[in-house]
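Welcome, and thanks for taking a look at this one with me. Here are a few notes to read alongside the model.

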Amino acid sequence: MSDSEQHDHAHSHAVPLHILMGVILALLVLTFLTVAATWIDLDEWNIWIALGIALVKAAFVGLYFMHLRWDNLYHGIVLVCALLFVVLFIGIALMDSVEYQPDVTRSPTRNVSP
Amino acid sequence: MSDAAHSDHPAHLAHHFETSEQQLASAKTGMWVFLATEILMFGGLFCAYAVYRRNNPEIFDIGHRYLDANMGAINTVVLLLSSFTMAWAVRAAQMNQRKLLITMLVLTLMGAFGFMGIKYVEYSHKIHLGIAPGSFYDPHVDEHDEAVKEEATPEAVTQAPSSKPQVPATTPLLPADQQSNIAPAHAAPLGMVAAETEPHDAHGKYGGGDHGHYATQAELDMAFTFFSIYYLMTGLHGLHVLIGIGVIFWLIRRAVRGDFSSEYFTPVDLGGLYWHLVDLVWIFLFPLLYLIH
């Protein structure tokens, strides 16, 4: 982000077309990869691979389509903080759920139909 | 407001801003803060998903068989392409290319409509099977067995051209609650993973699935929370797409009117940011809902 300075006054910094083309190509390839990754069975690794690919795709969209690479660093921090809070939220909820799941697994409501 | 008094003050520039650059930077900061709240709102639903999946992995395996991965993949591509045309639209606005801007916005709009069209096909197919949200959840696989098979066959063919023809169930399925015990979290795949993932295994270990990659009535009855989560996540996302359609319409109207130039393209830029966020959410929704292994 060190080059954000020099773009501060480049009011209409337009992303070069070849970068946009390259990014959409990468996104399509990654979409294919994430589908292809389900063809092989890697147990619990499948979901982490899927999430990893999704994160790479999100980074491409954020950095290039949303201009974060050339934008004010503050906007990137806002985005990353939001994501961190979501991870914190889900992480702590999961820890709690793992902790108490044995107590509720045998709960009679578990297999009741609606 | 910007006439005689300040002759060098362009019409788009609010009087409390020094320059167009400052105005755009402020607007962008506001937009990013809004996008952060959007991420937090979706985060709540992702949390519900994570906790419920962690505790009931087998129900996600049942539920996701009713999501067509091909439809999801096509929708992913449609949304990615519309994000691309939106990024190009912003570039066109920045470079004073009015016709190109309008073209790109119209293409983006078509992508949004295409996405909603495919979503409509998916939703109506599920609702036809009684897989409706919330208290309307009333799946009927057994009673309407034939109808379901007819519904299922075309999809099964497109998804797994090499898979064996539909075979009737040979082994009675275990009661649902026992299944969830013998097929815990990270055990070997249940064999009933979607037909397109393992064509030769599709009717395997799980006890001869009677609908190819589809589930039995008892299994489906258990999956109502999965579909509530599915409808809430895709529904909230779909609502964002609908709002995006409205925003893009508005942008096209203003672009046709000639409001935008390399000096003033804030609405295009912010609308683009919003549209890319809708794309970002879908990038995570697609593998998490459609590609469960």
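1. Let's begin with salt bridges: over all chains, this predicted model holds six of them. One pair crosses between chains, running from K28(B) in helix α1 (residues 20-55) of chain B to D71(A), which sits in the loop between α3 (45-65) and α4 (73-104) of chain A. The closest N and O atoms of K28(B) and D71(A) are 3.8 Å apart, and the cut-off for a salt bridge is 4 Å. Between chain A and chain B, the count is one salt bridge.

2. Now for the interface as a whole. How many residues of chain A are in contact with chain B? There are 56 on the chain A side, meeting 64 residues of chain B. Together the two chains bury about 5,100 Å², and 73% of that area lies on carbon and sulfur atoms.

3. Helix α2 (residues 17-36) of chain A and helix α3 (residues 69-94) of chain B have axes that come within 10 Å and cross at roughly 170°. Because angles over 145 degrees count as roughly antiparallel, α2(A) is roughly antiparallel to α3(B). On the α2(A) side, the contact residues include L17(A), L20(A), M21(A) and I24(A); α3(B) contributes, among others, L80(B), L81(B), F84(B) and W88(B). By type, the residues of this contact divide into 14 nonpolar, two polar and one charged.

Terms used. Residues numbered from 1 in each chain as written. Chains lettered and ligands numbered in written order. Predicted model: local features only at pLDDT ≥ 70, side-chain atom pairs only at ≥ 80, totals over all residues. Heavy atoms only, no water. Axes fitted to C-alpha atoms, helices over the stretch in contact; angles between N-to-C directions. Helix = DSSP H or I, 4+ residues; strand = E, 2+ residues; numbered from the N terminus. Parallel < 35°, antiparallel > 145°, perpendicular 65-115°, else oblique. Contact = heavy atoms within 4.5 Å. Nonpolar A, V, L, I, M, F, W, Y, C, P; charged D, E, K, R; others polar. Buried area = accessible area lost by both parts, 1.4 Å probe. Salt bridge = Lys/Arg side-chain N within 4 Å of Asp/Glu carboxyl O.
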